[in-house]
Amino acid sequence: MLSVSRAATRLTGVVARFSTGGHGDGAGRGGGSGGSIRDAGGAFGKMEAAREDEYFYKKQKAQLQELREHIQQEVDHHKNQLENHQKVLERHQKRISEIEAEERALGKE
């Protein structure tokens, strides 16, 4: 199973292979246009590329935070289940001890 960082690294590598030149220098080899501003290149193209990179950075950061929170909720849920199962186990063990005590008492009569 791929970790999130390894998956992100692979995606970044794929994106980097499709572009030529620097960020915002014009259309890449990806088979499509980056938009009219990106196609023109220059300062506006670079600024747009920087905004795009920032957007995806923030998006990935938010997704990782959501993933972390979700996993923490699962951990808490399983801890609660473990506590409940331990209580039930103790109750059953106590009941078995009571039954064994009754059996011993019946055997003495």
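## A tour along helix H3

Start by selecting glutamate 54 and lysine 58, whose side chains form a salt bridge with an N to O distance of 3.1 Å. The term salt bridge here stands for a side-chain nitrogen of Lys or Arg within 4 Å of a carboxyl oxygen of Asp or Glu. This is a predicted model, where local features need pLDDT of at least 70 and side-chain atom pairs count only at pLDDT 80 or more, while totals for chains, interfaces and linings use all residues. Residues are numbered from 1 along each chain as its sequence is written, and side-chain values use heavy atoms, leaving out hydrogens and water.

Glutamate 54 and lysine 58 are both in helix H3, 4 residues apart, about one turn of the helix. Helices are DSSP runs (H or I, at least four residues), as are strands (E, at least two), and they are numbered from the N terminus. Glutamate 54 is partly exposed, at 41% relative accessibility, whereas lysine 58 is exposed, at 52% relative accessible area. Buried is under 20% relative accessible area, exposed is over 50%, and partly exposed lies in between (1.4 Å probe, protein chains only).

Next, select tyrosine 55 and phenylalanine 56. The structure holds 1 aromatic pair. The ring centres of tyrosine 55 and phenylalanine 56 are 5.1 Å apart and the planes stand at 75°, so the pair is edge-to-face. Rings of Phe, Tyr and Trp (its six-membered ring) pair if their centres lie within 6.5 Å; planes under 30 degrees apart are stacked, over 60 edge-to-face, and the rest tilted. Tyrosine 55 is partly exposed, with a relative accessible area of 48%.

Then select Leu64, Leu67, Ile71 and Val75, which make a nonpolar surface patch of about 280 Å². Patches consist of residues with over 30% relative accessible area and no salt bridge, with like charges joined within 9 Å and nonpolar side chains (Val, Leu, Ile, Met, Phe, Trp, Tyr) within 5 Å. Areas come from the Shrake-Rupley method with a 1.4 Å probe, and for residues only the protein chains shown count as cover. Valine 75 is part of helix H3 (residues 42–108) and is partly exposed, at 34%.

Move on to arginine 95 and glutamate 98. A search of the whole structure finds 2 salt bridges, and one of them joins arginine 95 to glutamate 98, with the closest N and O atoms 3.4 Å apart. Both residues lie in H3, 3 residues apart, about one turn of the helix. Arginine 95 is partly exposed at 43% relative accessibility, and glutamate 98 is partly exposed at 34%.

Finally, select the whole chain and colour by pLDDT, the predictor's confidence in each residue, from 0 to 100. The chain has 3 helices and 0 strands. Its average pLDDT is 80, and 61% of the residues score at least 70. Confidence is lowest in helix H1 (residues 4–18), at a mean of 55, and highest in H3, at 95. Buried residues make up 6% of the 109 residues. The accessible surface is about 9,500 Å², 56% of which belongs to carbon and sulfur atoms.
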